[in-house]
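Biologist: I'd like to learn how to read a model like this one. Can we go through it feature by feature?

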Amino acid sequence: MTSFNLFSGLRPLLRNRAVIVGLVILAVVLLAAILAPLLAPHAPNKLSIVNKLQPPSAVHLFGTDEFGRDILSRAMYAGRISLLVSLGVVALSTVLGVILGVAAGFFPRLDTPISRLLDAMMSFPDILLAIALVAALGPSLPTVIIALGITYAPRLARIVRGSTLVLREMPYIEAALTLGLPLWRVLTRHLLLNLASPILVQATFVFASAMLAEASLSFLGVGVSTDMPTWGTMLASGREYINNAPWLMVFPGLAIVFSVLSLQLLGDGLRDLVDPRLSKER
Amino acid sequence: MNRVIRAFLRRLMGMAVVLLIVATLVFIIVRVTPGDPAAVMLGSDATPEDIAQLREKMGLNAPLIVQYGQFMAGLLRGDLGRSIFLDQSVGQALLSRAEPTFFLTLFSILIATVIALPVGILSAVRRGSGFDQVVVTVTMVAASVPSFWLGLILIQVFAVQLGWFPASGYGGPDTPFLYRLAHLVLPAVTLGVVNSALITRFTRAAMLDVLGDDYVRTARAKGASESRVVLKHAFRNAMVPIITVIGLSVAMLVAGAVVTETVFGLPGVGNLVVSAVLRRDYPVIQGALLVVAAIYVLINFIVDMLYVAADPRVRI
Amino acid sequence: MNALLHPVLKPGTSQGPVFKVDRLTTSFRTPDGWRPVIRDISFHIDKGETLAIVGESGSGKSVTALSAMRLLPRDRARSEGRIFLDGRDLLTLGEAEMRKVRGGRIGMIFQEPMTSLNPVFTIGNQLAEALVLHRNLSWAAAEAEALRLMDRVRIPAAKSRLHEYPHKFSGGMRQRVMIAMALACRPKLLIADEPTTALDVTIQAEILHLIRELQREEDMAVLFITHDMGVVAEVADRTVVMFRGDMVETGATDALFARPREPYTRMLLASIPQLGTMGATPGPRRFPEVDPATGAASEGREMPVVTAGTAPVVEVSNLSIRFDLPQGRIHAVEDVSFSIMPGETLALVGESGCGKSTTGRAIMRLQNPTAGSITIGGRDIAYMNARDLRGLRRSAQMIFQDPFASLNPRITVGSAIAEPMLAHGVLEKRAVRDRVTQLLEQVGLSPDMASRYPHEFSGGQRQRVSIARALALEPQLIVADEAVSALDVSVKAQVSNLLMDLQASRGLAYLFISHDMSVVERISHRVAVMYFGEIVEIGPRAAVFGNPRHPYTRRLISAVPIPDPARRGTRIPALASEEARSPLRPLDYVPPKRRYDEVSPGHLVQLP
């Protein structure tokens, strides 16, 4: 019943042209990544030295890399890892952020210690914190997710704390308290339900940031190290050939740009939808 | 007046608390390494004797709490420890690489602000116009581009093809200062463009916010011209959030420098961090994190003080 | 140059009205095209005359004023018709010419004094700006003139306050600054858009008085926009009544009040709570029932008085609530005691910041008391822990002021009402549904509304839902914190009547917290007047209103505008100690023990 409400609440989004564009791009990227095993024209790791550094052609739409691997296929498979990492980051940072944010916003006694901790965490520039964490934990897929998840958690926590502070004073939350509803019920049903929109907006932006950060980490050589490529590692290894085979850089780069762009468009549309409700509806 | 000083001291205390937590977090981060950091650093072909020696050198044999005490005591003396791989103290290592990073950050923030403020204001005033739509689109795209990718493209176009600027490096100590700075043009533009997108979007949003406020209507009802309404009445009020985002960008630029310096082969702090990470040079990682975080805390403090100047309602 | 288009009305002709609106229609752009929000509005104002536009929310009265100033966003609003100021049609003026009109020929004051001044510039700067813009003064000369203006609007210690920022000024003082700014260039017309709505009633009286005086001195025309018929009667020579964008009726104010022609006007006049109509009736009295079709009203029924000899539902003794701040201590509530019987309404009245809401919140334990006791059902709940408190929730409930914020926007009205019953396990799941139906019917809503979300309801309906939710646990006491204050006048009467009916049928006790003296007079059995955290007077309603003893009570009652033009101007507000006393005290301040004098049975007045 409430999810229906959330859904119908999102319907005006579909009247926003920018959001439509964002959704379409995101859908294409997601489908290409999820269905990569079905759609990819070539095996992503199939070597073919004779075909190395081929420019884009009918057989290899995006060209081939230094080992003759098909870039389109690799980019599709790379999308799986990149999206998986980003989604993991969003999930982790949202869980951490909501717990910390609600605790700080709803319980005045916890506010100072948690806020100070968040201040301290936010004083590490995001990439740097992630790099240090990866350096400490060793580069691997879960490590990168944990590192970036911790890095972005304060952003969500701040938003959640701020919204909680506002909502806490709302008469309907006070009414829920005076009606003698159990605290967990007030928190989940009344508070979290109304926090859903700002969280969703911020999570979309964290998704975009995580995608960029993952690419940066891979580019620096401290990212996910698997036998499967990510967009970042494709760029890092393509760098050497930028002069004579620029397509190695162009297509994975565009994949990142379009994915991030689609998320930003979506996030902006969501925020425009959510903000007036939260601030202007008195 | 007395109250102001007390409030100021309270702010300083708060800053000290945050710095203390920062230092503790740094200490924890570097020590969450699974397994023996000494073994990890030396790689798989190290002998047990080498490892033991390194453990001794890093002080890893003492109990954790003693290590923490030594670490904190060192910090109070201004001692960040010694690099394992460089024949330098961490402090020296950071200082000797500060120049390119400092100027890179300075130039990028200048570029970003000079573009962002006028464009953001105009875009807000002309909300919905063709200009505004172009600004919204371009900033959105610019914010979606990985900075290292943009850097590589700029190198390709302006260094390799056109040959206007050096592609990488910073020159040695003998290179004339201005010539050294020429190496910073492309990296500064790279960082500046990405950040100006952020600041533009923020300025636009902040201006749109205040342009709907009651006192803006009052100014119009007074017969003030549109430029006076926008530049005097609205902009002064939008300044607090704009100062915040510029302060934040400075800190983000330091992080951005990590990637950009690698792309452009600049021997700056970012480069030092990356090579330290790749070599697991923990004292350097630790020191760099601390210094950067401390700079951020300081910038935040300055931003807070600027609020007081920008908005008479804000008290320290 | 545009005046050439209308050669008949030459600029500067002193004959004819100063300001004339002719068939004005303003439309807003919507996704479905242009939609008119005001239609065919025509009126005029002569020199020295005051015209009031009165209407409920959504009537288009503010749009009319903003259209005249051409302050509506040009891409989203457009006006047709003609608006003449001294014979020139403002709608045909160029933007540069129009700027000279704004602030120069027409001054305007707005509803929200707290947000209408720019927070980052000094008062002096903002006042001087108007002068620099229109009178070619240097900034130094303009600031000197600004000082004179501040004196004219009676701002005390003007000289020292010239260089202060708006946040150091109270609401009333800011509105004086706004008036000074609007009058800086001696405009022909002053537009006042709900200038006193956000102010306390005693401050309102002073501001209205000031506007009247300045109008007389300047001989200007005033366009006064308000929702308050009392204010209309107090200020307007002629009145325009608006309803949903249309002009319903216009005429001389006394004639309009005496012989309203249109049903809507009749309804509006009949619904106004009017002070001093209760006489010696001991119990409350319902508001008149108004037939919206004809506007015919029938006086409301008298409600039962409290039966003697029962135990009180709530007993508050020596309640104090203090907040410590870095710069001192706020004594929000100080040594407050009262009790409420079953079936009784005690009204807690006073102006903003007097501590009345804090008292109510303490009874609900939304606020922890500093000292004193609060006994409900024989148990002191003042320091009860959270678990025991849940039991209390069944005997005391609260209704909040803002009907838009008191319901969770994401939960249907039905489940909002059902939720407390389920959480406390008072009824079986299936019985709960029937109970929700029953409750909705009792508050005058249709049971099939249970599946709707709050945004589908009007303000009055939402307040009814809040009442149903509060009744779900069958409490004995309801704390109603400004529960009808945010509602339009006709809805206000209906919801007040509902509260009285529910009290009669269920024997509910109400703590009715309000700043609105006219509603309080109707609804309450007893009244307590609060001033700076203390009760200064408490007693039966007839005694407090009929024989107010404390100077503050008198001031409060005399400041209420009376919707009767015949009685206008008979009362000059006491020159107040305007810059309000602050409840902020040093940390070591010990409040004096107050003593009370019993003037008549149950009627206590604080001794000085």
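Biologist: What is the average pLDDT of chain A?

Modeller: pLDDT is the predictor's confidence in each residue, from 0 to 100. Chain A averages 82, and 91% of its residues score at least 70. Helices here are DSSP runs of H or I with at least four residues, strands are E runs of at least two, and both are numbered from the N terminus.

Biologist: Which stretches of chain A have pLDDT under 50?

Modeller: Residues 1-8 of chain A stay under 50, with six contacts beyond four places in sequence. Residues 276-282 of chain A are also below 50, and that stretch has five contacts beyond near neighbours in sequence. By contact I mean that two residues have C-beta atoms, placed from the backbone, within 7 Å. Where pLDDT is low, the predicted coordinates should not be read in detail.

Biologist: How many residues of chain B are in contact with chain A?

Modeller: 39 residues of chain B meet 37 residues of chain A. Several helices of chain B each supply at least two residues to that side, including H8 (147-161) and H13 (269-279). By class, the side of chain B has 34 nonpolar, four polar and one charged residues. Ala, Val, Leu, Ile, Met, Phe, Trp, Tyr, Cys and Pro count as nonpolar, Asp, Glu, Lys and Arg as charged, and the others, Gly among them, as polar.

Biologist: And what does chain C give to its contact with chain A?

Modeller: That contact takes 21 residues from chain C and 20 from chain A. Helix H14 (413-424) of chain C gives the most to the chain C side, with four residues. The classes on this side are ten nonpolar, five polar and six charged.

Biologist: Which residues touch the most other members of the largest nonpolar core?

Modeller: A nonpolar core is a set of buried Ala, Val, Leu, Ile, Met, Phe, Trp, Tyr and Cys residues joined through C-beta atoms within 7 Å. Of the 354 residues in the largest one, those touching the most other members are A:Leu128, A:Ile131, B:Val273, C:Leu189 and C:Leu511. Helix H12 (residues 226-264) of chain B gives the most to this core, 20 residues. Not counting residues up to four places away in sequence, A:Ile131 touches A:Leu217, A:Val222, B:Val258, B:Val273 and B:Val277.

Biologist: Is B:Trp149 buried or exposed?

Modeller: Buried means 20 or more other C-beta atoms within 10 Å of a residue's own, exposed means 12 or fewer, and partly exposed is in between, with C-beta atoms placed from the backbone. B:Trp149 is buried because 27 other C-beta atoms lie within 10 Å. B:Trp149 sits in helix H8 of chain B and touches A:Leu235 and A:Gly253, leaving out residues up to four places away in sequence.

Biologist: Last one: how many bridges link strands S13 and S14 of chain C?

Modeller: Two strands pair if DSSP finds at least two bridges between them. S13 (residues 314-325) and S14 (residues 328-340) of chain C pair in the antiparallel sense over nine bridges, and a hairpin joins S13(C) to S14(C) through two residues. C:Val316 stands opposite C:Phe338 in S14(C).

Conventions
Residues are numbered from 1 along each chain as its sequence is written. Chains are lettered from A and ligands numbered from 1 in the order in which they are written. This is a predicted model: local features need pLDDT of at least 70, side-chain atom pairs count only at pLDDT 80 or more; totals for chains, interfaces and linings use all residues.
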